[in-house]
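Please look through the sequence and the model shown here before reading on. The paragraphs that follow take a few helices and a few residues in turn.

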Amino acid sequence: MQLQKGQKLLFIGDSITDCERARPDGEGLFGALGKGYVSLVDAFLQAVYPELGIRVVNMGCSGNNVVHLEERWQEDVLDRKPDWLSIMIGTNDVWRQYDMPFIKESHVYPDRYEATLRALVERTKPHVSQLVLMTPFYLESNKEDAMRSSMDQYGAIVKQVAEETCALFVDTQLAFDAVLKELYAATLAWDRVHPTQAGHVVLARAFLNAVGFDWNKG
């Protein structure tokens with residue numbers, strides 16, 4: 001387990017991270033961490049590693065793209081002084097190109113996506129113990145599908161940035177693809193984007209595997 005005793009783990013992203021988390025601070029009682037993978041990560045850490053006392057914070061925001069993250073980065077990330085930061089962004093950067101094709105100002109194309117994500121990572125890296133970069137995903141088994149192909153392109157950018165900045169990398173699409181061999185996409189996400197609880201378990205498991213979670217810890 002790479003997380004250390006007493007560390008703060010902050011998650012930031014879009015609606016997939018948000019999942020109805022509390023405002024303005026996504027931590028505390030009564031479902032403050034939301035209903036998604038962030039709350040599951042917290043639950044597993046508390047149940048299996050209670051001695052570490054990891055503090056989990058959810059700063060996801062529905063509808064966000066990477067440019068929105070940049071706009072709120074100082075307040076929602078740096079000012080909160082996390083020890084670990086997990087970023088999962090890109091769904092809306094891609095999706096708006098398909099569901100709002102004529103509203104170009106809502107699109108974030110690959111060059112801007114990469115430049116912005118890289119700048120945020122490089123800006124933050126000196127202030128945290130570790131960064132985790134999670135790919136965006138699209139629950140479509142056909143890799144030739146236009147939106148799936150675009151999402152894979154953005155996922156490749158995340159992988160490249162992670163490798164070049166020595167961040168931990170979580171390939172969420174790969175994790176979902178394994179399940180999609182057995183289940184139809186709508187079983188995991190009715191719109192192929194917002195996961196069911198089972199889909200959020202896939203995300204939580206992929207994250208925990210990346211940070212060295214021991215599933216056999218007694």
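The buried residues of helix α4 are covered by parts of the chain that include α1 (15–18), α3 (66–76), α5 (110–124) and α6 (146–165), where the helices are DSSP runs of H or I with at least four residues, numbered from the N terminus. This is a predicted model, in which local features need pLDDT of at least 70 and side-chain atom pairs count only at pLDDT 80 or more, while totals for chains, interfaces and linings use all residues. Residues are numbered from 1 along each chain as its sequence is written, and side-chain values use heavy atoms, with hydrogens and water left out.

Helix α4 itself spans residues 91–99 and is mostly covered, since 7 of its 9 residues are buried (buried means under 20% relative accessible area, with a 1.4 Å probe and protein chains only). These buried residues are T91, N92, D93, V94, W95, R96 and Q97. On the side of helix α6, we can pick out S150, which lies in that helix and counts as buried because its relative accessibility is 13%. Leaving aside its neighbours within four places in sequence, S150 is in contact with V94 and Y98, contact meaning heavy atoms within 4.5 Å.

Which residues touch the most other members of the largest nonpolar core? A nonpolar core is a set of buried Ala, Val, Leu, Ile, Met, Phe, Trp, Tyr and Cys residues joined through side-chain atoms within 4.5 Å, and of the 70 residues in the largest one, L9 and I87 touch the most other members. When neighbours within four places in sequence are left aside, the residues in contact with I87 are I12, L69, W73, L117, V121, L131, V132, L133 and M134.

Definitions and conventions. Buried < 20%, exposed > 50% of the residue type's maximum accessible area, 1.4 Å probe, protein only. Helix = DSSP H or I, 4+ residues; strand = E, 2+ residues; numbered from the N terminus.
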